[in-house]
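Subject: Structure handover

Hello,

Here is the structure for you to look at. Please open it first, then read my notes below.

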Amino acid sequence: MIPEQVTTNLAHRYFGLGLLLVLFIVLGVWQALLIPFFQGPDEQVHYATVQYWAEPDEKTWPIHESTELNRSDDIRSYRFSEEIREAAYRLQFDEIKWQTTNTQIFVGNSPNGQFEQEITDNTWKRYIDDYPVNASGTWSLYYYFGSKMESFFVSSSILNRIFFSRLFSLFIGTLTVLVAYAAARKLGWGSRLSALFASLVAFQPMFIATSAIVNIDILLVFAFSLFFYGAINWLTGGTSSKSVCITLAAVGIGIFTKGPGVVLLALFPVLVAMVLYRHFQWDWRKHFLEGILALFTLTCLVFIFTPPHILSDFLRLESVSAFSGPIASLSAYAEKTLSISAFLWTTTTYWGSFGWLDARLSEGIIRIILAIETVAFFGLAWLLFDRNPPGFLPAKKVLLFAVLSIIFLQFAIRFFDWRVFDATSKILIGTPGRYFLPNIIPHLLLIATGIGYWAGTKTRFILVIKTLSFLIFLLSLYSSWFIILPRYYL
Amino acid sequence: MKYRFNQLLVLTLAGGIGLLVIAFLGQLRFPDSSVNFLGETKRAELGKNGALLQPVRIDHNGLEGFQIFMGNTGLSFGEQLSFKLLDANCQVTIQKQSTTSLSLPPINGMRFTFDPIAESRGEAYCLSIEYRPGLIDRRERPYIRATEGDMFLDASYTDTGKGKTHVGRTLQIRPLYAPDTSLGRLQELENRLSQYKPAFVKGLVASIGLIGILLGLLFFRVISRNDD
């Protein structure tokens with residue numbers, strides 16, 4: 001093949017992917033501008049933490065110790081920098097947050113807001129002088145890199161810096177779309193089918209919204225996605241050093257991003273076990289007892305070698321239960337969380353609950369999505385018992401790992417939620433759907449596969465994925481133009 | 001078959017987007033944002049008999065309707081909401097409109113719209129909202145959101161069914177205005193989107209959203225051309 005042909009083929013192969021990435025970036029920038037600043041969930045805390053991390057180690061300004069409690073309805077009572085407090089106040093943070101019928105006060109016939117000049121004048125202090133600070137106590141790579149960006153754009157106005165921080169999230173979101181493409185390629189799908197699969201991720205409304213705000217969640221989504229890609233590598237291609245490095249890097253990123261990242265640490269031995277099982281062609285019936293013993297030994301080792309204070313923090317062993325016993329606590333928790341309405345709420349907040357969870361997709365749309373997922377579920381169940389599943393669909397071991405990944409994260413989030421409930425008898429953390437976004441690639445892969453099973457042939461499977469991609473793109477447009485935009489501007 | 005499907009897909013997408021754009025532009029009116037509903041949220045229940053009446057004074061010319069925030073939204077089959085704009089004495093009907101479960105879903109709250117009233121600044125009107133139940137009785141009555149707070153000491157609304165006037169409360173309603181031309185409406189939208197945004201994107205925000213739509217069409221066109 002002559003060099004020109006090679007170049008043409010490469011351009012042809014990657015044009016769809018390139019276009020998808022550009023499209024995702026444009027949709028992300030659009031939403032980063034659409035959602036008013038500080039109106040993402042906890043965005044003010046995440047940005048305050050980024051700014052706090054950007055402060056010099058040596059504090060050259062007077063520090064006041066404060067004993068006053070901050071009030072949740074008054075942003076100016078928070079121990080953030082003066083700049084964040086005052087800017088958020090002028091952006092009517094408290095008036096708009098959770099108040100679905102309130103918006104900013106707009107100035108007629110002008111592109112500038114009433115207090116914009118005051119905000120962009122850069123006269124407020126950019127460091128925290130009231131301690132203890134209300135910044136997040138989590139050590140996260142997101143804050144580390146975010147603080148570097150904050151320092152780099154130090155001379156810009158706060159509006160620019162928040163926007164650039166949002167673009168940093170968008171960059172991580174773009175990498176996640178790329179990982180979705182790479183995962184699909186590893187499954188043996190061609191470049192266009194892989195781009196179509198990646199588009200399901202790229203157009204998921206909540207994923208775009210999470211990529212368009214300042215929040216550490218997006219890095220956790222990336223860590224889980226990278227781990228799943230590494231797992232597909234292991235499960236389909238063998239234990240190359242590349243696969244090992246990718247999964248270990250993903251575990252590292254996950255742990256140093258946010259608490260639920262520890263789920264990857266638990267998934268890692270499961271992945272290793274699956275790979276060993278496949279490698280040695282073990283008969284699980286013969287080695288069942290050894291498997292149980294290995295799991296028991298591993299659990300003991302974790303408990304022995306993990307410092308007690310970490311285990312105690314992690315499992316919240318020190319907290320006093322508000323119930324008569326674990327059974328009573330678990331029953332009360334199940335009663336509150338295992339209901340159709342709780343499931344619908346989690347589903348709604350997984351697919352589209354924007355801003356401070358106060359601009360949502362309608363229940364009708366969620367029911368259509370659930371109907372599609374139900375069809376996929378039955379297809380998937382059928383496939384697992386099919387001795388000759390269609391060759392164009394992912395191998396059963398990949399699907400099994402996707403299911404395990406979802407179960408592990410579900411269990412971890414519900415476990416933490418229950419531990420807090422056990423101590424307070426209140427649902428304080430809850431299970432908003434965005435907590436489950438880290439499994440977006442396994443989840444959408446299962447849906448695509450489940451529906452693909454009914455398609456029967458690869459040609460029809462591509463048409464199905466194309467239709468799903470088309471529907472989810474319309475859903476993303478609907479979300480931004482008919483839900484988010486009217487919520488904040490009309 | 002594959003070729004036809006791809007063509008159909010792109011055409012449907014273009015048609016779907018066209019419909020969304022038409023629906024969006026058709027409803028593009030701008031609620032008065034000068035007052036937020038700060039205070040205690042209440043329910044103004046819509047009874048089977050009578051209407052809710054609220055006096056309103058308009059601050060600008062070109063009144064084109066009202067945005068009305070209804071609780072537990074979504075009218076079920078047979079239910080109907082009737083809106084009327086009456087004179088200051090709540091006697092003479094100036095404009096009216098009704099909405100049912102079959103009406104186009106509104107964007108952000110119910111919208112009672114009418115032809116613009118050119119000289120509406122300083123005028124006093126009365127807004128009437130009347131409910132007609134459907135075939136199936138609701139477990140919870142539909143209601144209009146209301147607010148009680150210091151900002152609304154002069155406001156009041158009357159529930160004619162119960163014969164009760166609530167003083168110091170307002171229904172959560174906002175007057176709607178819009179520039180005369182489509183271009184003016186788009187410009188006003190862009191102005192709102194641009195406020196409190198970085199200076200280098202002011203004037204470009206809506207365009208970025210539109211580019212996203214066009215790129216989406218291009219993506220599906222390209223991706224449909226060849227299959228693996």
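K396(A) is partly exposed, with a relative accessible area of 31%. Partly exposed is the range between buried (under 20% relative accessible area) and exposed (over 50%), taken with a 1.4 Å probe on protein chains only.

Two notes on the source. This is a predicted model, in which local features need pLDDT of at least 70 and side-chain atom pairs count only at pLDDT 80 or more, while totals for chains, interfaces and linings use all residues. Residues are numbered from 1 along each chain as its sequence is written, chains are lettered from A and ligands numbered from 1 in the order in which they are written, and side-chain values use heavy atoms, with hydrogens and water left out.

Back to K396(A). This residue belongs to helix α18 (residues 396–424) of chain A. Helices (H or I, at least four residues) and strands (E, at least two) are DSSP runs, numbered from the N terminus. Leaving out residues up to four places away in sequence, K396(A) touches L383(A), L384(A), D386(A) and P389(A). Contact means heavy atoms within 4.5 Å. The K396(A) side chain reaches the backbone oxygen of D386(A) at 2.7 Å. F385(A) is eleven residues from K396(A) along the chain, and their C-alpha atoms are separated by 9.8 Å.

Next, S156(A). Is S156(A) buried or exposed? S156(A) is buried, because its relative accessible area is 16% and buried means under 20%. S156(A) sits in the loop between α6 (141–152) and α7 (158–186) of chain A. Not counting residues up to four places away in sequence, S156(A) touches N122(A), R126(A), R161(A) and F164(A).

Now the interface. Chain B puts 61 residues into the contact, and chain A puts in 67 residues. About 5,600 Å² is buried between the two chains, and carbon and sulfur atoms give 71% of that. Buried area is the accessible area (1.4 Å probe) that two parts lose on being put together, summed over both.

How many salt bridges cross between chain B and chain A? The rule finds one. E116(A) forms a salt bridge with K202(B), with the closest N and O atoms 2.3 Å apart. The rule asks for a side-chain nitrogen of Lys or Arg within 4 Å of a carboxyl oxygen of Asp or Glu.

Which elements of chain B each supply at least two residues to the side that touches chain A? They are α1 (2–26), β1 (30–31), α2 (182–194) and α3 (205–225). The largest share, 16 residues, comes from α3(B).

Last, the strands of chain B. Strands of a sheet pair through backbone hydrogen bonds, either parallel or antiparallel. Two strands pair if DSSP finds at least two bridges between them. Four strands form an open sheet in the order β1-β13-β4-β7 (chain B), with antiparallel pairing. Its edge strands are β1 and β7 (110–117) of chain B, each pairing on one side only. Two bridges join β1(B) to strand β13 (residues 173–177) of chain B. There, F30(B) has Y177(B) in β13(B) as its bridge partner.

Elsewhere in chain B, strand β3 (residues 51–57) runs antiparallel to strand β10 (residues 156–159), joined by two bridges. L52(B) stands opposite D159(B) in β10(B). β10(B) also pairs with strand β11 (residues 164–167) of chain B, antiparallel, over four bridges. Here S156(B) faces V167(B) in β11(B). The hairpin of β10(B) and β11(B) has four residues between the strands, and G163(B) takes a positive phi near 65 degrees.

Best wishes

Key
A polar contact is a pair of N or O atoms within 3.5 Å; within protein, one must be able to donate a hydrogen and the other to accept it, and residues adjacent in sequence count only if both atoms are side-chain atoms.
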